[in-house]
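Please look at the sequence and the structure shown below.

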Amino acid sequence: KATDGPTKIPAEQTPQSSATPIKFRTIRLINGMTDRPLAGIKIRVNAAVAGKEELESMEFVSDAQGLIQIPVHNQSSPSNDQAQKKAAMVIVTDGWFHRGTHMIVIKGEATDVPEEPQVYQLWPGQTVTGRLLFPDKTPAAGVLLSVGVYINNQEWGKRLGMDLGVNSFDHGDWPNWSTRVVTKDDGTFSVTVPPEDARWWVRVGTTALGFGAIINPDDLDDRQTGRALRECIPFEAQIGWQANHVAVVTSPHLGQEAGVLNFGDLQLKAGVEVRGRVVDAEGNGLAGVHLTTQGLHGPHSGRSTRSRENGEFNFLPIEPGSLTIRPDARLRAENGQVSSRDVQAVFVDQTYPIFKGLDLVVKAVPHVELEFDWIDRRAEEAPVSYYGRFIVNGYYQVDESQRVWWRGETNLVERDGRQLLVVKVPRDLLDAKLHLSQDRVVTASYVDETGKTSGPGAIELGDVTQPIKRTIFGDEPTKQ
């Protein structure tokens, strides 16, 4: 229901204290098609409240001018430390969506509150509904679901500030607009997505819906997807266009009533929890190795985890069958961010059969370190895009039935006063190649003591176990 003036937080909920002065951040909701104010739009805001450490969920309704006022605390308040700095706004009213996502994050302190309203455009869209059930058919309440579409309409792309001219091998496979929705107590969900004339498909699931890995079990808390991710196999359901290379699950219970797109009942399935240990080539446990599984949309879109002390790891439930694991042993800082292209050990992707009670050993392969002298003969050095980073790849024969592709990157180091590019590669790497790229400034070239020379492109390295002196020059002028 629209009101005559900007809607404020109810008086009984308004945080009042001399230590916590309150200001109100005003936002204006307008129709992105007409630029007219949107009245009666209900939003939910996770706002900071004096005396409480957690954000509190409150609902507001836009007035006849599309205005809503949201309380903002001064950071000097003794409570609500980080919570004061943002309020996450979710559109509750069906039929409207925001650019790129339903979630609008309003940051800042009371001292930063602008005088003029912040304007947010909303567009009319299509409401998507459904119901999520656990394997025992009980409602899956409080589950965080990802919702995504692939927008392919140029006019809608312009409205939403998207560049639809970028093509790639996976064009159309991953969503380029997404949001999230939490299931209600009865397992139902309702969310608005861009309209049918703007998109190819609509996808809902407990995965990231694209290339990104599902959440690491160590990062999962009770307030997040919880039981649905801890106990059940990840799922995706899709309505709409589907190419052969998009291996998604299409719901058998589809319906469209009064313009509402209904997924029907989506039932989760129980899976197999995979445990194991990551070890180096000598069998010693390795901690801090990141592991991902092959998912529906690429080699990083499945489950993810990292090895703990003594190399132990576990994946949350996976569908029985087979499992391809991709280890990432690059060196990392304490916060988990990659700090070097160097690796603890060398691994290759391997596929394992999955069954209950399986205890995996993910073992590194014996490796050698390739060294390349890195020589830049320019009078004045300047960084270029590939500085110190080149690709080495090839194939590794795991067994009679498994031959896998391997890829590594060189790392720039200094040893005994010399600049070297080094990379650890499998000792038995087949068809090993070094890839030299051409920059806008310079073109890299290669030479070794056997007399082989080459400019940019793929260079065959031969037997990587042979101690051959190899040099990369990074200073040939690029031909314009």
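Two strands are said to pair if DSSP finds at least two bridges between them. Strands themselves are DSSP runs of E with at least two residues, whereas helices are runs of H or I with at least four residues, and both are numbered from the N terminus. The model discussed here is predicted, and local features need a pLDDT of at least 70, side-chain atom pairs count only at pLDDT 80 or more, and totals for chains, interfaces and linings use all residues. Residues are numbered from 1 along each chain as its sequence is written, and side-chain values use heavy atoms, with hydrogens and water left out.

Consider strand 27 (residues 391-397) and strand 28 (residues 403-409), which pair in the antiparallel sense over seven bridges. Five residues lie between strand 27 and strand 28, and the two strands form a hairpin. Within this arrangement, Tyr395 stands opposite Trp405 in strand 28.

Is Ser146 buried or exposed? Buried means under 20% relative accessible area, exposed means over 50%, and partly exposed lies in between, with a 1.4 Å probe and protein chains only. Ser146 counts as buried because its relative accessibility is 13%. A contact means heavy atoms within 4.5 Å. Not counting residues up to four places away in sequence, Ser146 touches several residues, including Thr179, Arg180, Val204 and Thr207. A polar atom of the Ser146 side chain lies 3.0 Å from the backbone oxygen of Thr207.

Asn310 lies in the loop between strand 19 (304-306) and strand 20 (312-318). Phi of Asn310 is near 70 degrees, a positive value in a residue other than glycine. With a relative accessible area of 42%, Asn310 is partly exposed. Asp416, in the loop between strand 29 (411-415) and strand 30 (418-426), has a positive phi of about 50 degrees although it is not a glycine. Asp416 has a relative accessible area of 79% and is therefore exposed.

Finally, consider the whole protein chain. How many helices and strands are there in the protein chain? There are two helices and 35 strands. Of the 480 residues of the protein chain, 47% count as buried. Among the contacts in the protein chain with a separation of 6 or more, 70% come from residues 24 or more positions apart.

Terms used
A polar contact is a pair of N or O atoms within 3.5 Å; within protein, one must be able to donate a hydrogen and the other to accept it, and residues adjacent in sequence count only if both atoms are side-chain atoms.
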